[in-house]
Amino acid sequence: MEYLEVEEARERPGLRLVLTAGGPGPWSEAAKGIFAVKGLAYLPVRQAAGDANPALQEWTGQSSAPVAIWNDEPPCTTSRAILWLAERLAPTPALIPGDAGLRALCLGLCDEIHGENGLGWCRRLVLFEPVMKALGDAAATGPMGFMAWKYGYSPEAVARAERRIVEILESLSTRLGEQHRAGRRHLVGDGLTAVDLYWAAFAAMLAPLPPEQCPMPEGLRDLYTVRDGPVAAALAPELLAHRDFIYREYLALPLDF
Ligand SMILES: N[C@@H](CCC(=O)N[C@@H](CS)C(=O)NCC(=O)O)C(=O)O
């Protein structure tokens, strides 16, 4: 993918999307999927994982990705704000249900996947642990230490994280099972919603798509892939089949990052 640098992107009008370059970062992939499904074209802007990203910090008040910027409006620095921006710029297909009950369920499940203390947040903590242990005191000064600080890393948080991941996977499995028994193919309601796209993107942190569909660095693929333990047991084949279904029906492959 061709990325603009922040300095150039700030001068451009329209829709710009700041993304973590070089890998299938789930937060960034989910934002790309939402815009793709809605047919919203955007200018990709580079964010470097683990870096202070000073130009991005100056532009948006923070150094993480994704960030969506529409013309001169305030930058959307949270996944939720990016989703609402996409719904506003392209109301159809609606990715947030109109029905109040389904909307609350959809947004609640979205937060369980991309939010603080959610699936991605907790999986990241677990992935940080071996690296932080290997780095020891040296971790504090480098990009790893910066991200660990930014995303709430501590041995106590890691100890809680695996339990949370299992809980969330089990709740997604239960929901999918109920939907399938009711003759429905999506996680909420009768059609595609944002939670299907978040699950599809965040499943990469547990079982990445094969190399021909997701040409990610082998080291990152190795780190992302869960092989055993309670999380592997909770990662139901139906959930991965659902991820494959969403990519097959709604998203472009191979991934480009
Ligand atoms: N602000 C986003 C979350 C963004 C986030 O966690 N981004 C991470 C993804 S791993 C990131 O930018 N990591 C690279 C970095 O911090 O340099 C939200 O509200 O959902």
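This is a predicted model: local features need pLDDT of at least 70, side-chain atom pairs count only at pLDDT 80 or more; totals for chains, interfaces and linings use all residues.
**Cavities, pockets and nonpolar cores**

Helix α2 contributes four residues to the lining of the second largest cavity, the largest share from any element. By class, the lining comprises seven nonpolar residues, one polar residue and no charged residue.

Two cavities of 30 Å³ or more were identified. The largest has a volume of about 40 Å³ and is lined by Pro 24, Ala 200, Ala 204, Pro 208, Leu 209, Cys 214, Arg 243, Tyr 247 and Leu 255. Eight of these lining residues are nonpolar and one is charged, with no polar residue present.

Among the open sites, the largest pocket has a volume of about 920 Å³. It is lined by 34 residues, and those nearest its centre are Trp 27, Ala 65, Arg 124, Met 147 and Tyr 151. At least two lining residues are supplied by each of α2, α6 (119–135), α7 (143–150) and α10 (218–224), with α6 providing the largest share, five residues. The lining divides into 17 nonpolar, 14 polar and three charged residues. Because domain 1 (6–89) and domain 2 (100–250) both give residues to this lining, the largest pocket lies between them.

The second largest pocket has a volume of about 230 Å³. Its lining contains 15 residues, of which Glu 29, Lys 32, Gly 33, Ala 252 and Leu 255 are the closest to the centre. Both α2 and α9 (194–202) give two or more residues to the lining; α2 gives the most, with five. In class terms, 11 lining residues are nonpolar, one is polar and three are charged. The second largest pocket also receives lining residues from both domain 1 and domain 2, and therefore lies between them.

The largest nonpolar core has 79 residues, and Leu 119, Leu 169, Tyr 198, Trp 199 and Phe 202 make the most contacts inside it. Helix α8 (residues 155–181) provides the largest share of this core, nine residues. Domain 1 and domain 2 each contribute at least three residues to the core. With neighbours within four places in sequence left aside, Leu 119 is in contact with Glu 112, Ile 113, Ile 165, Ile 168, Leu 169, Trp 199, Phe 202 and Leu 206. A second, separate core of 11 residues includes Leu 4, Ala 9, Val 67 and Ile 69.

Definitions and conventions
Residues are numbered from 1 along each chain as its sequence is written. Side-chain values use heavy atoms; hydrogens and water are left out. On a 1 Å grid over the protein atoms alone, a cavity is a set of points where a 1.4 Å probe fits but cannot get out, and a pocket is an open set with protein on both sides within 12 Å along at least five of seven lines; lining residues have an atom within 4 Å of a point. Grid points are joined across faces, edges and corners, and a volume is the space filled by probe spheres set on the points. Ala, Val, Leu, Ile, Met, Phe, Trp, Tyr, Cys and Pro count as nonpolar, Asp, Glu, Lys and Arg as charged, and the others, Gly among them, as polar. A nonpolar core is a set of buried Ala, Val, Leu, Ile, Met, Phe, Trp, Tyr and Cys residues joined through side-chain atoms within 4.5 Å. Buried means under 20% relative accessible area, exposed over 50%, partly exposed in between (1.4 Å probe, protein chains only). Domain bounds come from an automatic or database domain assignment. Contact means heavy atoms within 4.5 Å.
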